[in-house]
Amino acid sequence: MNLAIPPRFKSAKIPPYDGSQDLDAHLEAFKTEMMFNKITGPFKAKIFAMTLIGQAMTWITRLPRNSIDSFEDLARTFRLNYATSKAHPMSAYALGRIRQRENESFLKYLDLFKEAALKVRKLTEPVHLYLIISGLDGESPLAKSIYKNPINDLEEFRRRSDKYIDVEDMQRAYGESRGRSPNRQSPSKKSKDRYLQGSKKASNSHNKRSDERSSKTKFGSYAPFNMSRSRI
């Protein structure tokens, strides 16, 4: 605490920690800034105290005197005290449960998937690509495009998805300019539903007529056999 902070260093440019955020994220952000500013040794422990506010600042000021000998000691004590604030990583299996819902935009689905993917440690590109494609609505234009022309990497997926997002935005803008709700059922969908309903009615009518014809062809009595059943 008696060491003077290097004059070239003004203050840590990371969000302050109050005890409620992810402690690992705060530590990693702090270490990265110290590395770029070439701050090493016990200076880091003193500067780290400047990144704390609220109850976290109260905690560090109440540490026993002479209990911290290095930044490593401080980081270890910090982890132990705020262990419950550590974010639990998401597994790739949990990431695979994220699916694009019906009528959900590509952009919203991709934003949700990307946010969740950041929580998965050691997520390889092939697994990432497989999961993000598997989560697409199978009836969406993007999914159908990928089925016809497979994608090999995430960069290619990003380029192709950007095109469909642009188309989606234009369709939404066109619909809003015509006074349509974004979630309103499309005319083609309505036509399809009307066609299916008409087909069902026609099928029912056809079955009814068939039953009527069948009932008319039934007789109450038949001509007698002219030979025995066994011979027939």
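Modeller: The protein chain exposes about 17300 Å², of which carbon and sulfur atoms supply 54%; accessible areas come from the Shrake-Rupley method with a 1.4 Å probe, and for residues only the protein chains shown count as cover. This is a predicted model, in which local features need pLDDT of at least 70 and side-chain atom pairs count only at pLDDT 80 or more, while totals for chains, interfaces and linings use all residues. Residues are numbered from 1 along each chain as its sequence is written, and side-chain values use heavy atoms, with hydrogens and water left out.

The secondary structure consists of 10 helices and 0 strands (DSSP runs numbered from the N terminus, helices being H or I of at least four residues and strands E of at least two). Of the 232 residues in the chain, 28% are buried, meaning under 20% relative accessible area, against over 50% for exposed and in between for partly exposed (1.4 Å probe, protein chains only). Among contacts between residues at least 6 apart in sequence, 58% join residues at least 24 apart, a contact being heavy atoms within 4.5 Å.

Now the rings. A search of the whole structure finds 11 aromatic pairs. Rings of Phe, Tyr and Trp (its six-membered ring) pair if their centres lie within 6.5 Å; planes under 30 degrees apart count as stacked, over 60 as edge-to-face and the rest as tilted. Phe30 and Phe48 form an edge-to-face pair, because their planes stand at 80°, with the ring centres 5.0 Å apart. Phe30 belongs to helix α1 (residues 23-36) and Phe48 to helix α2 (residues 43-49), so this pair ties together parts 18 residues apart in sequence. Phe30 is buried, at 0% relative accessibility, and Phe48 is buried with a relative accessible area of 0%.

Phe48 also pairs with Phe71, edge-to-face, at 5.9 Å centre to centre and 75° between the planes. Since Phe71 lies in helix α4 (residues 71-81) and Phe48 in α2, the pair ties together parts 23 residues apart in sequence. Both Phe48 and Phe71 are buried. Ring pairs link Tyr17, Phe30, Phe48, Trp59, Phe71, Phe78 and Tyr82 into a cluster.

On a 1 Å grid over the protein atoms alone, a cavity is a set of points where a 1.4 Å probe fits but cannot get out, and a pocket is an open set with protein on both sides within 12 Å along at least five of seven lines; lining residues have an atom within 4 Å of a point. The second largest pocket holds about 600 Å³ of space. Its lining has 20 residues, with Met1, Ala45, Asn66, Ser67 and Ile68 nearest the centre.

Not counting residues up to four places away in sequence, His128 touches Phe113, Ala117, Leu123 and Leu154. Ile165, in helix α9 (residues 154-177), is buried at 9% relative accessibility. With neighbours within four places in sequence left aside, Ile165 is in contact with Phe106, Leu107 and Leu110. The C-alpha atoms of Ile165 and Phe106 are separated by 6.2 Å, although the two residues are 59 residues apart along the chain.

Terms used:
Grid points are joined across faces, edges and corners, and a volume is the space filled by probe spheres set on the points.
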